[in-house]
Amino acid sequence: MRERAKFKSSLGMLLALVGSAIGLGNLWRFPYVVGNNGGAAFIIVYLIVVALICLPVMVAEFVIGRRARSNAYSAYDKFAPKSKWKYVGLLGVLTAIIIDSFYCVVGGWTVSYLFHSICLDVAPETPGQSAAMFSALTGSTSQNLIYMLIFLGLTCGVVMLGVQKGIERSCKYLITILAVLIVVIMINSLTLPGSSEGLRFLFKPDFSKVTFKTILYAMGQGFFSLSLGCCCVLTYASYAPHKDNLLKTTSLTVTSDVLFALIAGAAILPAVFAFGISPTEGAGLAFITLPEVFGQMAMGKVIAILFYFVLFAAAISSAISILEIIVAFVMEIFSFKRVKAVAISSILLVALGVCCAIWGTVFDLFDKISANILMTTGGFLIAVFVGWKITRKDFEDEITSSGMHKVPRWLLVTLRFLIRYVAPIGVAAVMISSLAGL
Ligand code: TRP
């Protein structure tokens with residue numbers, strides 16, 4: 001039996017988790033969703049949902065992963081042998097495969113834009129040109145494929161190097177550079193004349209926009225952005241040292257993710273508004289709207305390089321975490337070496353990625369079912385499992401690292417209550433009402 005990999009330091013583990021969390025969700029979705037759903041009012045709802053549902057689900061995943069020290073599938077088997085719970089792990093692996101297939105296509109676009117920005121041809125002088133450039137990229141199967149393969153190749157390269165030398169080391173560098181660059185971009189945006197309009201769009205509270213749907217958006221955003229519900233945190237936690245402070249790691253991850261999303265909003269929207277352009281979300285924001293903004297901005301070509309590096313770094317550190325779920329599963333279930341497991345997983349991902357790249361409907365389908373159904377179902381089951389199948393003693397032993405960390409009694413009780421009742425009921429209520437079209 002090979003010795004199981006471990007993260008080298010607590011900081012490295014934290015940065016790997018932060019790298020997984022910070023991704024396209026923060027950069028191209030959060031600012032727009034906030035702006036269109038009541039600004040600060042949405043942020044308040046988001047923070048409540050994150051505190052009451054997302055953080056408890058993250059803690060639950062962490063508890064399973066670190067205690068079981070195995071991949072998503074086998075972890076459940078260790079706690080509840082011969083039961084059907086292992087299918088929750090399998091669902092996580094399947095969800096990861098689906099997410100990674102379209103994530104790698106987008107990752108390819110970030111590579112393409114980073115490359116073009118370095119060649120100084122991303123910020124067009126004439127409006128309308130950026131839309132043409134983007135559809136030239138997405139409309140060409142060969143270009144889509146080449147860039148996707150480069151992105152996936154880099155992701156596989158990192159994962160092949162292993163937990164410490166690959167994942168931990170790359171995330172350390174990527175996240176540090178990412179944090180510095182996004183602050184630089186934000187400062188530049190905030191100094192543009194007319195930038196306050198963007199801040200108003202992002203932060204001005206409008207409570208009349210808060211409806212039941214707002215909670216749904218907040219939960220979807222929270223699950224995707226914090227990489228929950230598909231055993232990603234579980235897999236990383238299985239490499240975490242037992243002595244690490246679980247509550248500190250999870251709460252710092254959540255805080256960094258929310259903070260980064262807010263900074264990203266303050267970096268992107270003020271610039272968009274300063275040039276009188278309307279904000280958009282998703283690929284349109286990153287690859288059509290922003291190039292136009294860069295085209296009009298002084299030093300826009302330099303800021304474009306920084307921005308596309310940020311986008312690329314955020315995407316690859318997330319893609320690494322998604323691939324690791326699949327690789328850990330293949331390695332341990334089939335007793336394959338890491339290199340072989342990565343090779344097999346990547347063949348599958350290329351095949352599915354090609355489908356996403358060629359057929360927009362497959363791309364949209366994968367995107368929708370993963371965020372709206374698979375991740376939330378996974379999150380619900382994970383909370384139920386930890387809340388009802390794991391004994392209070394085991395739960396508390398894991399949270400406190402066998403008594404090494406002093407955690408107040410009220411916090412342990414509250415956390416277990418959130419995992420047992422609030423998270424599952426909250427997730428189920430939101431899912432049912434969204435399926436019922438409320
Ligand atoms: N959190 C990432 C983002 O915001 C995406 C991501 C990484 C993810 N790992 C995940 C999503 C695992 C779901 C599951 O873009």
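Start by selecting Ile185, Asn188, Ser189, Ala267, Ile268, Ala271, Leu290, Phe294, Met297, Ile303 and Phe307: together they line the second largest cavity. A cavity here is a set of points on a 1 Å grid, over the protein atoms alone, where a 1.4 Å probe fits but cannot get out, and lining residues have an atom within 4 Å of a point. This is a predicted model, where local features need pLDDT of at least 70, side-chain atom pairs count only at pLDDT 80 or more, and totals for chains, interfaces and linings use all residues. Numbering runs from 1 along each chain as its sequence is written, and side-chain values use heavy atoms, leaving out hydrogens and water.

Now colour by helix. α8 (163–190), α12 (246–274), α13 (282–296) and α14 each supply at least two residues of this lining; helices are DSSP runs (H or I, at least four residues), numbered from the N terminus. The space inside is about 70 Å³, a volume being what is filled by probe spheres set on the points, with points joined across faces, edges and corners.

Next stop: the largest cavity, with about 150 Å³ of space. Select Ser20, Phe224, Ser227, Ser318 and Ile322, the closest to its centre of the 18 residues that line it. Then show α1 (10–21), α2 (24–36), α5 (86–118), α10 (212–225) and α14 (300–333), which each give two or more residues to that lining. Which helix gives the most? That's α14, with four residues.

Note on methods. On a 1 Å grid over the protein atoms alone, a cavity is a set of points where a 1.4 Å probe fits but cannot get out, and a pocket is an open set with protein on both sides within 12 Å along at least five of seven lines; lining residues have an atom within 4 Å of a point.
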